[in-house]
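Reader: I would like to go through this model term by term. Please set each value against its cut-off.

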Amino acid sequence: MAEATASSISQTDSHGTPETGYGSRSYRNYILGILLTVYVFNFIDRTIINILTEPIKETFGVEDWQMGLLGGPAFAILYTFVGIPIARFSEKHHRVWIIAASVALWSLMTVLCGFATSFIALFIFRIGVSIGEAGCSPPANSIIADYFVPAERSTAVSVYALGIPLGGMVAYVFGGFIVGSLDGATIGALLTSWNWTWAANILDWQNIEGWRVAFVVVGIPGIIVAMFVKMTIKEPPRGYTDPPEMQNKDQVGFGEVLKILSKKPSYWHVTMGVTIASFVNYGVGQFLVSFLIRTHELSIFDASVKIAMALAVMASIGTYMSGFLADKFSERFPKALAWIPMLALIGVIPMHVTGYLAESLWLAVPLMMVGQMLLYTYLCPLYAVPSGVVDSRMRATAVAITLFIVNLLGYGLGPPLIGGLSTILNSTFLSGIDPTLTLDACKATNLASTAQAACDTANAEGLQWSMIIFKCLYIWSVFHFYMASRTIQRDMGR
């Protein structure tokens, strides 16, 4: 076990102290940049399934509720249950090694998704992606807490959390571009033009869909990132930036961690607030590209780029500003970590509901942009509060427990439930338009024009109203952030 200790300070941290942070400021910023890159790839590989929903449905002949299972439980179940054991392991062992191995594993599994020959095989490979990604955030947040002093941690974790919107943005742009412009036939023609006949004959390029190419293209770079993590990140001493009274090096059992967290009501309210927001966000996010395709008749590429450039950029602003403002005003407003997402989520509901109902994209996109900026303020407390209510011996475990709840309930239930609701509403609207039509009948390729129009309308409206219904659940999340604000100052020792 290559564990650094507070007494073995190397040249890397010669410019740092427990009062300023581990290592020089430039090195701390570099570490944060590398961890952000890791998290970007984490969410590229996690989010890419959202962009590919429509072509995968066509390839395997499945419905929205099945794609909801692929986007939710296939990823969430083992991601949540494996996360806590990995976090416990990282409390005692080399966190950098754990992150590097995790990146390599989930990247390989993403590549294999492109080779899936059935829906079941794709489901299994997505489970593999989830196992790898479970080893990312708990040790990463533990490392960040040791590099950055408490007064800078909210900003630092908000920078790390930028991996969520930035990863989604890259996935939308490249996923949409690849599906729209780069399929197996294009690659085969390119290889032939280069006279690489050996490569052109390896696979039946003519029959390889663009969504398969997308999985491979976004998965391979992650293996290179894993190498950078191992070679350039120095394992910091545990508890380096904590006050001396918190630097007890005795290991804490899992039961003791739960006992400590049980006395922190703000932690549980923040966790529930984030869980409900994630439940809505993951569910709607699974079908956002599909919504733009069905309702506004965009291509996959246009829908992906509009989401990436309009929504993901605004989400990045909201994510960073929430942490920056929480640190900036922490002395004057110690409850800012709870107040900021509470107030922001109140504003999200009218923005997104109106945006989803708008017939014009010129109106819909600006409304969704503002809503997206407000929405992503919940990401900062997702990491800052679990890391702030405990000491260095249990930070990875506290974050893992949080992610267990958030992802099991939010990621695990959000996509399949909105997919199921969409399927039910689709069938309901379809029967209202034409009682002779069914969902199975709509899959036929030789439908009359009136029947096809009815199927398309019901398909679009079923998803549209499912998303609107889900968005109204943010009120529940607002309640928990309000309750958290009542004790967060005491629980975080501010």
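Reader: What is the volume of the largest pocket?

Author: The largest pocket has a volume of about 820 Å³. This is a predicted model, in which local features need pLDDT of at least 70 and side-chain atom pairs count only at pLDDT 80 or more, while totals for chains, interfaces and linings use all residues. Residues are numbered from 1 along each chain as its sequence is written, and side-chain values use heavy atoms, with hydrogens and water left out.

Reader: What makes a set of points a pocket, and what a cavity?

Author: Both are found on a 1 Å grid over the protein atoms alone. A cavity is a set of points where a 1.4 Å probe fits but cannot get out. A pocket is an open set with protein on both sides within 12 Å along at least five of seven lines. Lining residues have an atom within 4 Å of a point. Grid points are joined across faces, edges and corners, and a volume is the space filled by probe spheres set on the points.

Reader: Which residues of the pocket lining are closest to the centre of the largest pocket?

Author: Glu-54, Lys-57, Cys-442, Asp-456 and Asn-459, out of 26 lining residues. Helix H21 gives the largest share, eight residues. Helix H2 (53-60), helix H15 (288-296), H20 and H21 each supply at least two. Helices here are DSSP runs (H or I, at least four residues), numbered from the N terminus.

Reader: How does that lining divide by class?

Author: Into nine nonpolar, eight polar and nine charged residues. Ala, Val, Leu, Ile, Met, Phe, Trp, Tyr, Cys and Pro count as nonpolar; Asp, Glu, Lys and Arg as charged; the others, Gly among them, as polar.

Reader: How many cavities does the search of the whole structure find?

Author: Three of 30 Å³ or more. The largest cavity has a volume of about 370 Å³. It is lined by 29 residues, and Asn-50, Tyr-172, Asn-281, Gly-285 and Tyr-376 lie nearest its centre. Its lining has 19 nonpolar, eight polar and two charged residues.

Reader: What is the volume of the second largest cavity?

Author: About 60 Å³. Of its 14 lining residues, Tyr-39, Tyr-282, Leu-382, Tyr-383 and Leu-403 are the closest to its centre. H1, H14, helix H19 (379-388) and H20 each supply at least two residues of this lining.

Reader: Why are Cys-442 and Cys-455 called a disulfide?

Author: The cut-off is a pair of cysteine sulfur atoms within 2.5 Å. Cys-442 and Cys-455 are joined S to S at 1.9 Å. That meets the definition, so the pair counts as a disulfide. The structure holds one. Cys-442 sits in the loop between helix H20 (395-433) and helix H21 (449-471), and Cys-455 in H21, 13 residues apart. The angle about the S-S bond is -80 degrees, and the link is left-handed.

Reader: Why is Arg-153 called buried?

Author: Its relative accessible area is 12%, so Arg-153 is buried. Arg-153 lies in helix H8 (residues 150-161). Arg-153 and Ala-326 are 173 residues apart in sequence and 9.9 Å apart in space, C-alpha to C-alpha.

Reader: What makes a set of residues a nonpolar core?

Author: The members are buried Ala, Val, Leu, Ile, Met, Phe, Trp, Tyr and Cys residues, joined through side-chain atoms within 4.5 Å. The largest nonpolar core has 144 residues, and Leu-35, Leu-52, Tyr-160, Phe-215, Val-229 and Tyr-383 touch the most other members. H1 gives the most to this core, with 15 residues. A second, separate core of eight residues includes Cys-442, Ala-451, Ala-454 and Cys-455.

Reader: Which residues is Ser-107 in contact with?

Author: Contact means heavy atoms within 4.5 Å. Leaving aside neighbours within four places in sequence, Ser-107 is in contact with Asp-45, Gly-219, Gly-222 and Ile-223. Ser-107 is found in helix H5 (residues 95-113). At 0% relative accessibility, Ser-107 counts as buried.

Notes. Buried means under 20% relative accessible area, exposed over 50%, partly exposed in between (1.4 Å probe, protein chains only).
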